[in-house]
Amino acid sequence: MHDLTGFQRDLLYVIAGADEPHGLAIKEELEDYYESEIHHGRLYPNLDTLVDKGLVEKGEKDQRTNYYTLTRRGRRELDARRDWENAHVDL
């Protein structure tokens, strides 16, 4: 997780919080959070990076639509990140 950008970590959180979200659903969720447009040229290369790192799996709903899910490794990385954040943030 240490080598991911903040945007890539946010992608993991969005994917973890949804049931097999497709790219546009992820894009819309991030646009709501960032309050700005997320371009396809930013979204999909970063999703592909997460797939290449083994944190996310990409499946196909139909010929035009892919969906994304966390791998076990992706879930472990998110859990470790949350533990690290909790150890450093006193709320």
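Biologist: Which residues in helix 2 meet which residues in helix 3?

Modeller: Gly23, Leu24, Ile26, Lys27 and Leu30 in helix 2 meet His40, Leu43, Tyr44 and Leu47 in helix 3. Contact here means heavy atoms within 4.5 Å. By class, this contact has 6 nonpolar, 2 polar and 1 charged residues. Ala, Val, Leu, Ile, Met, Phe, Trp, Tyr, Cys and Pro count as nonpolar, Asp, Glu, Lys and Arg as charged, and the others, Gly among them, as polar.

Biologist: Where does all this come from?

Modeller: This is a predicted model, in which local features need pLDDT of at least 70 and side-chain atom pairs count only at pLDDT 80 or more, while totals for chains, interfaces and linings use all residues. Residues are numbered from 1 along each chain as its sequence is written, and side-chain values use heavy atoms, with hydrogens and water left out.

Biologist: What makes residues 23–34 "helix 2"?

Modeller: Helices are DSSP runs (H or I, at least four residues), strands are too (E, at least two), and both are numbered from the N terminus. Helix 2 covers residues 23–34 and helix 3 covers residues 40–52. The two pack at an angle of about 115°, with their axes 11 Å apart. Axes are lines fitted to C-alpha atoms, for helices over the stretch in contact, and angles run from 0 to 180 degrees between N-to-C directions.

Biologist: Why is proline 21 called buried?

Modeller: Buried means under 20% relative accessible area, exposed over 50%, and partly exposed in between (1.4 Å probe, protein chains only). Proline 21 has a relative accessible area of 6%, so it is called buried. Its place is in the loop between helix 1 and helix 2. Leaving aside neighbours within four places in sequence, proline 21 is in contact with Ile15, Ile26, Asn66, Tyr67 and Tyr68.

Biologist: And is glutamate 20 buried, partly exposed or exposed, and what about glutamate 35?

Modeller: Glutamate 20, with 34%, falls in between the cut-offs, so it is partly exposed. Glutamate 35 has 71%, so it is exposed.

Biologist: What makes the phi of glutamate 20 and of glutamate 35 worth a remark?

Modeller: Most residues other than glycine have a negative phi. Glutamate 20 has a positive phi of about 50° although it is not a glycine, and glutamate 35 has a positive phi of about 55°. Glutamate 20 lies in the loop between helix 1 and helix 2, whereas glutamate 35 is found in the loop between helix 2 and helix 3.
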